[in-house]
Amino acid sequence: MDEQRKQLKAVMSTTQLTPEQNAYLISIKWFNEFKRIIGFETDIALNEKIPAIDNSGLLRNGLLRRDIRENTDFAILTKPTWLLLKQYYGGGPDIGVKVAYNPLKHQNCAITRNIALYILYQQQRKQFSVTTYEKVREIKDRALVYYNLTDKSLNLYEYNNNNIENKLEDDKLLCEYAILDNQQLILTTAHSKKKEEPQSIFSYFSQTGTCTPGTTGLNNMGNTCFMNSTLQCLMHIELLANYFANTPWQKEISTTNPLGTKGELSIAFSKLLEISQRGSHSSYTPSEVRKAIIKHAPNFDGYSQQDAHEVLLFILDGIHEDLNRITKKPQVDVVEGDGTNDNETAIKAWHAYKQRNDSIIVDLFHGQLRSHLKCPNCQADTVAFDPFVSLSVPVPQKKILSPAFIFCPADPTQPRKIMQFNIDMSWSPLQTKRFIQKSEGRNLNLIYAAINHEQTEITYTLSPYRPPSTHILYAIELPSTDKLYAPVFLKEKEKGWIWDGDTPIAGPFLVPVLKQNPSEKELNDIISNYFSFLFDTKNPDPQEMYDKYEETRQKWRSLRDDKNKFEISIRSNFFDSGTFTPLTKMPCLTRRCVDVIVNPSWMTKESGFKWSLFIPSRIKEFEEPVEEKSIDLEKCLDLFSEELVLDEENKWFCPKCREFVQASKKMDIWTSPEILIIHLKRFAQISGFLTKNETEVQYPDELDMSQRIIGPHNGSCKYKLIAVSEHHGILGSGHYTAHAMVGNQWYLFNDSSVSKCLRDMAHTKAAYVLFYAKIHE
């Protein structure tokens, strides 16, 4: 597997997508499992069989499914990478797709699906299947042929909400225009741009019937419910709506700010807001908003489901930069304190921020967080005050019991423990370490080993995982990371009629070795000294222990030289040039293991043999399973401000002692904004898969933040719930809706469908982003 992993990494790093070769799709489920087994990230392969490639789930009736998403359902490989995997593991089927250059993303992209376009001409409409990488001229020519036209003055225009809009230039690619699946184009001349088609043809795109102001639905343009949900929440923030309706905001548009959209997003949002507040359309297609988004953030392009919180942050940031009153941003120094002068530090930090950022978005949505980091080495405190636009709060995961594992303490005289404890959906090294440290009452370093029952196959890792049924997982305490240790196993030879069989007793023990090639005498001395605890003539076991194991002792073969207590053998390894070559990714361990047989002739009371230590005792230490319950939003906010210790992968650079350290960190709310957005963190990458936490969060109509804001504030700080963005199902194939208040009435917004609802219906298990407005009494 090591050689296959090296070859695969080499091919993946040296080949790129090119229009001259097809790209290939591979099931993300198979690909992630393959990478786990082969040790793609850790360089430590697992002793598991890799199944044949299975891409069948990507197809339906032999055709590529339209509802699948890159990185959720499939990965895209270059042709050499696919051929290498196919050579090694077989299976399939092959799913080759064309590659084209995307000028918006400035890279070659795989064409994974076609879209449907409706091209209109006079009273007729025809559907065409196209790719977004075709030139407009090619599509127009197909339409001219279909309609039997030769007039070269005809051009394709976008047709949205009964309006003829942008002309599509012949020499450009379709992807440069943010065209949507099932969108309608119209074939006409520049001088005939008028509403000449009957309304009934375009009923899908807009409904011009009047409705209650603020209750216009938004048409889904192909998995754009994530954007529709977000827009409905934003459009029903009264302070934001009043700003666009009652102030000369256009004067604040900056067309030179490279961080903004040159006003495109703000203008499109304002137009959408005006249509909704006017009540002139019962449903409307927010194509202008989407165009502005994907023009400046191409990652939102395509027809896959996206994340509502991510597009929310982009919209708010885009409008902020469009309307930023600071046209020339000065350089400002980083402001930090040590916790002794928080008020002064916070004011300076906010002043520095406002020198570069000043807009209606800052006025309404931006608050300030206090971040406190403490170095465990020099005990220095570093306090920073950072702006925030939304609070991303943890949602406690459903608790499940971890797989059972055996903890092996560094002291071989201490009992081993069979452990199992409550974990989140993920099983992290930090969780395990904390549980064992709490049990043992001390700090420790851990490595993990999956070992088969015969103790002949060992797979080391730095992270715990569920091993195959033929293996047992061990959490082994590592005495020091600066020494070299040989894994040692105690065994016995059981007498047989034809040959003797191995009987595993205990292991692994991490025995320190001073050099990689010790002599036979040096190795014997090392082993004898380490296992000397097995013999204590001054404190032998009680007689009943010897009586209990006497029959067992008689079944074991004595050593050839009965004078020796131990027989030592080093397991062979084809790849090793030395006796104890360190593992590449775990240099504190030797690649080769040592088997030690204890001479049964010495397992007597006269020799002081300690049966109590030879046969390892195992203590069970299990936690009771935790029942899944709904939780309160207050609990999520508690977790947000809970002090934590950074793990090995997220060390912080201490400016005082100049080292990367596992600092303690605590986040608190210093000041809160007019509009408080709370994002419930429901999605996480677990074992290579994006997983959703479905735990129900109870959230109030009125939220009191007075006790949570540690900065200066005038007593009460209460908020009322005004909108909720909801996610149903799983990411990639789920659906977004929204609830929002229009006046004093709650409404459900489900794309183009809008309906009144009771207040309680806005409290749903699907809640993902909560919008609260500050109450001014």
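These legends walk through a few views of one predicted model. Local features need pLDDT of at least 70, side-chain atom pairs count only at pLDDT 80 or more, and totals for chains, interfaces and linings use all residues. Residues are numbered from 1 along each chain as its sequence is written, and side-chain values use heavy atoms, with hydrogens and water left out.

**View 1. The whole chain.** Let's start with the overall picture: the chain holds 16 helices and 47 strands (DSSP runs numbered from the N terminus, helices being H or I with at least four residues and strands E with at least two). Its C-alpha trace spans about 110 × 70 × 50 Å along the principal axes. Of the 777 residues, 50% are buried (under 20% relative accessible area, 1.4 Å probe, protein chains only).

**View 2. Helices H5 and H9 crossing.** Here H5 (residues 225–235) meets H9 (residues 308–322), with axes that come within 9 Å and cross at roughly 50°. Axes are lines fitted to C-alpha atoms over the stretch in contact, with angles from 0 to 180 degrees between N-to-C directions.

**View 3. The residues between H5 and H9.** On the H5 side, the contact (heavy atoms within 4.5 Å) is made by Phe226, Met227, Thr230, Leu231 and Leu234. H9 brings Ala308, Val311, Leu312, Ile315 and Leu316. Together they divide into nine nonpolar, one polar and no charged (Ala, Val, Leu, Ile, Met, Phe, Trp, Tyr, Cys and Pro count as nonpolar, Asp, Glu, Lys and Arg as charged, the others, Gly among them, as polar).
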